[in-house]
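Morning, everyone. I have one structure to go through, so please look at the screen.

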Amino acid sequence: MDDSFFHSQVRTVWWEEEADGRAQIALLDQSLLPQQVVIMHLQHEQQVADAIASLKVRGAPAIGVTAAFGVALAAARLLAERQAGQRELTQSELSEHVYEVGQLLCRTRPTAVNLFWATERMQRCMQRAARRSMPVQQLVDLLQEEAQAIAAEDVQACWQMGMYGAELIADGDTLLTHCNAGALAATGIGTALAPIYVAARSGKNLHVLVDETRPVLQGARLTAWELQQEGIPLTLITDNMAGHFMRQGNIRSIFVGADRIAANGDVANKIGTYSLAVLAHAHQIPLYVVAPCSTIDLSLPSGDQIPIEQRKPEEVTTLYGTPIAPAGVAVANPAFDVTPHPYISAIITEKGIVRPPYRENLRELDTEL
Ligand code: MRU
């Protein structure tokens, strides 16, 4: 199997070094898709934080990888800055900087736990290395290697989720997905779309119904584009059509991603997932959540404790800058909702398919850092 099997046509985020050795992060600006395909180059941690907050990069695993690269970039940048000014950088200064950058990145978006997981992993890498008291250049290199490892593990995890999830898909199935949990949301072939890619690449004929996913339209702008790039047949529908197609008996199963999974199996995912899950339950259609172990947060007993990001009203009151609602109208804009675990048929991770009882079975996965 060649390496391209693990990847998709699209790349979200990667580490680059310029000819002068300066590090930067290359990032596909998802806020411009599908009209424009623009790669941004980030040289400062504040740009990384802004890119996450403004959804230029989004999707739980991609946010985690970007944050890890952001920490590594900040360390490399500070060292380069000191070297250029011929000033020394001490290990404790670097350590403090890495901590502060972690805090900066963690303030961008509250729901996807991968962000916190990745920055925590970078902090631990720093602390482990600092105990061995090594030259700061070596510490900076180690942080970069750790971020690269997080990205590489994500590629592998996506593929493994795809392999497990593909077993649940039969030739001829029509599947439904919500938001974008594909290659654009990760560094590999995605989470919820990974089983679809693996099943399609193994010769199964599939059709995907794609929810447009208001208000930010990740389904219409990103999933539809990504599936087109991969040559997977799809039909775009508005969110309120899902029940109609379920009732007609057209949908075999539903695949969604997750931003955070609590210890009891409750899942936070893009707003609208809960409504889909209730509808799916009423129509006896299985709903599968596909997510890597880095999305599981065993510290939270249930979904009630998952912080839900509230985004700005303009996402609801405008479309591409054009107002669609009366000025001054009151707006609610929770970016995620929580689907209680009884509505979830299975959680597909890179370590296997987890079924109820989730509290016991998720714990067995061993998701410690
Ligand atoms: O607001 P977004 O676009 O970051 O929301 C993304 C989702 O809700 C995805 O379904 C989730 O992160 C899983 S991505 C593999």
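How do α2 and α4 run relative to each other, roughly parallel or roughly antiparallel? This is a predicted model, in which local features need pLDDT of at least 70, side-chain atom pairs count only at pLDDT 80 or more, and totals for chains, interfaces and linings use all residues. Residues are numbered from 1 along each chain as its sequence is written.

Back to the helices. Two packed helices are described by the angle between their axes and the distance between the axes. The axes of α2 and helix α4, residues 113-131, come within 7 Å and cross at roughly 30°. Axes here are lines fitted to C-alpha atoms, for helices over the stretch in contact, with angles from 0 to 180 degrees between N-to-C directions. Helices are DSSP runs of H or I with at least four residues, strands are runs of E with at least two, and both are numbered from the N terminus. α2 and α4 are therefore roughly parallel to each other; angles under 35 degrees count as roughly parallel, over 145 as roughly antiparallel, 65 to 115 as roughly perpendicular and the rest as oblique.

Next, α1 and α2. Their axes come within 9 Å and cross at roughly 165°, so the two are roughly antiparallel. This crossing is left-handed. Glu 45, Val 48 and Ile 52 in α1 meet α2 residues including Ile 63, Gly 70 and Leu 73.

Now the sheet. Three strands form an open sheet in the order β1-β2-β3, with antiparallel pairing; strands pair if DSSP finds at least two bridges between them. β1 (13-17) and β3 (39-42) are at the edges, each with a single partner strand, so one side of each has no neighbour in the sheet. β2, residues 23-28, is joined to β3 by 4 bridges, and Ile 25 stands opposite Leu 42 in β3. Helix α1, residues 45-53, packs on the sheet and touches β2 and β3.

How values were computed: Contact = placed C-beta atoms within 7 Å. Left-handed = near helix turned anticlockwise from the far one by under 90°.
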